[in-house]
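Have the model open as you read.

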Amino acid sequence: MSEIVLQYTRAGHVENIHRGDVAAVNCAGEIISSVGNAHLPMFWRSAAKPFQALPFVKNGGLEKYNITQEELALLVSSHSGEENHVALVRGILAKLGLDESVLDCGVVRPMSGKAFKDLIAKGEKVLPVHNPCSGKHSQIIALAMMLGVPIEGYTKPEHEAQKIIFKHVAMAAKVPENKLEIGIDGCGVPVFYLPLYNMALAYARLSTPRLGDWGEYELAATKIRNAMSDYPQVISGTGRIDLAVSEVTGGRVIAKIGADAVYCLCVKDENLGIAFKIEDGSYAAVTPMVIAVLKKLDLLTKSEAENLDKKFPPVLKNHRGEIIGTIEAVF
């Protein structure tokens with residue numbers, strides 16, 4: 001059962017709580033730490049993106065289309081729709097000989113409030129390229145092209161590219177294919193339902209590919225991990241906890257958000273993957289939870305922890321900017 005992980009106080013009284021579950025796992029599949037139900041089944045949402053890119057990278061997609069490491073980071077991103085993100089998506093599609101009209105991810109405002117305001121100020125429309133999943137969609141389109149199958153219908157579970165991605169996600173998480181369920185994600189492609197434990201295991205394997213029993217996929221996993229470590233702003237966006245964690249730790253901790261408060265992290269070359277889910281899906285709870293998990297597992301130096309607390313103070317403020325409460329981890 002999910003446990004209380006965060007409480008919000010006002011005048012010394014608990015006013016709100018969030019429940020959650022956490023799994024921290026090593027490459028051997030050993031649970032290093034857990035809160036609540038480490039085996040809670042949940043949709044992986046966008047935190048699955050690094051593993052959805054495995055077949056494209058493994059089969060020479062980077063070389064075939066001259067994709068850089070920065071562009072690879074974009075392919076596994078949940079980007080904020082900032083100018084550099086949009087330029088990278090358009091640049092990748094240009095390398096494929098396509099334009100953004102091929103994207104079938106839907107239109108959603110940029111995750112970056114500033115980017116959205118800038119579009120409004122310029123009188124420009126929000127387009128599919130601003131969708132945080134436009135990089136993933138570009139990768140799936142590129143995979144379809146590599147396979148020599150039609151791009152049309154690339155979002156459907158029965159599309160050949162999606163069938164191959166499904167197999168690779170199951171392999172990465174060490175879930176039998178007949179146990180891996182799917183739903184449809186916010187951007188229209190299949191999303192995977194599996195235990196938090198297996199999500200954390202996949203990230204542990206990503207953290208330290210040489211220990212991850214990847215076989216012929218070790219180089220691909222290493223390339224994806226390094227791209228995420230080297231370009232954290234590309235996989236996330238300005239002002240986000242994903243970026244801050246990587247910047248503060250010098251790329252040692254890699255963080256990847258999923259919708260509805262599913263979140264995964266791994267520690268580069270330290271044989272550890274982490275997955276958590278906030279029960280009520282609150283996006284606001286994600287930032288304090290990330291910091292709390294890293295502290296609980298002693299993955300931050302004192303200065304790193306202080307830096308994150310400075311960037312994201314664990315307090316509540318009123319509309320006048322006065323501190324009127326606290327956000328406290330209770331696990």
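## Salt bridges across the chain

Let's start with E63, which forms a salt bridge with K223; their closest N and O atoms sit 3.0 Å apart. This pair links distant parts of the chain, with E63 in helix α3 (residues 61–64) and K223 in helix α10 (residues 218–230), 160 residues apart. E63 is exposed at 53% relative accessible area, whereas K223 is partly exposed at 21%. Bear in mind that this is a predicted model.

How many salt bridges are there by this rule? The count comes to 17. Another one joins K174 and D213, with the closest N and O atoms 3.7 Å apart. K174 lies in the loop between α8 (160–173) and β5 (181–184) and D213 in the loop between α9 and α10, so this bridge ties together parts that are 39 residues apart in sequence. K174 is partly exposed, with 40% relative accessibility, while D213 is exposed at 59%. There's also a network: salt bridges with shared partners join R45, D185 and D260.

An α-helix has 3.6 residues a turn, so residues three or four places apart point the same way.

Which residues of α5 are buried? They are H85, V86, L88, V89, I92 and L93. These cover an arc of only 160° around the axis, so they're on the same side of α5. On the other side, E83 and A94 are exposed.

The buried residues of α5 pack against α4 (69–75), α7 (134–147) and α11 (232–235). After α5 comes G97, which has a positive phi, near 80°.

S134 sits in helix α7 and is buried, with a relative accessible area of 0%. Beyond its neighbours up to four places away in sequence, S134 touches H79, V89, L103, C105, P128 and V129. With H79 there's a side-chain to side-chain polar contact at 2.8 Å. S134 and V76 are 58 residues apart in sequence, yet 9.5 Å apart in space, C-alpha to C-alpha.

D242, in helix α12 (residues 241–248), has a relative accessible area of 3%, so it counts as buried. Leaving out neighbours within four places in sequence, D242 is in contact with S236, A255, K256, I257 and Y263.

## The nonpolar cores

The largest nonpolar core has 73 residues, of which W44, F51, M199 and I224 touch the most other members. Helix α9 (residues 196–207) supplies the largest share of this core, at 8 residues. Setting aside residues up to four places away in sequence, M199 touches M42, F43, W44, L194, V262, C264 and A275. Apart from this core lies another, of 34 residues, including Y8, V253, L272 and L294.

Notes: Residues are numbered from 1 along each chain as its sequence is written. This is a predicted model: local features need pLDDT of at least 70, side-chain atom pairs count only at pLDDT 80 or more; totals for chains, interfaces and linings use all residues. Side-chain values use heavy atoms; hydrogens and water are left out. A nonpolar core is a set of buried Ala, Val, Leu, Ile, Met, Phe, Trp, Tyr and Cys residues joined through side-chain atoms within 4.5 Å. Buried means under 20% relative accessible area, exposed over 50%, partly exposed in between (1.4 Å probe, protein chains only). Helices (H or I, at least four residues) and strands (E, at least two) are DSSP runs, numbered from the N terminus. Contact means heavy atoms within 4.5 Å. The arc is that of the directions from the helix axis to the C-beta atoms. A polar contact is a pair of N or O atoms within 3.5 Å; within protein, one must be able to donate a hydrogen and the other to accept it, and residues adjacent in sequence count only if both atoms are side-chain atoms. A salt bridge is a side-chain nitrogen of Lys or Arg within 4 Å of a carboxyl oxygen of Asp or Glu.
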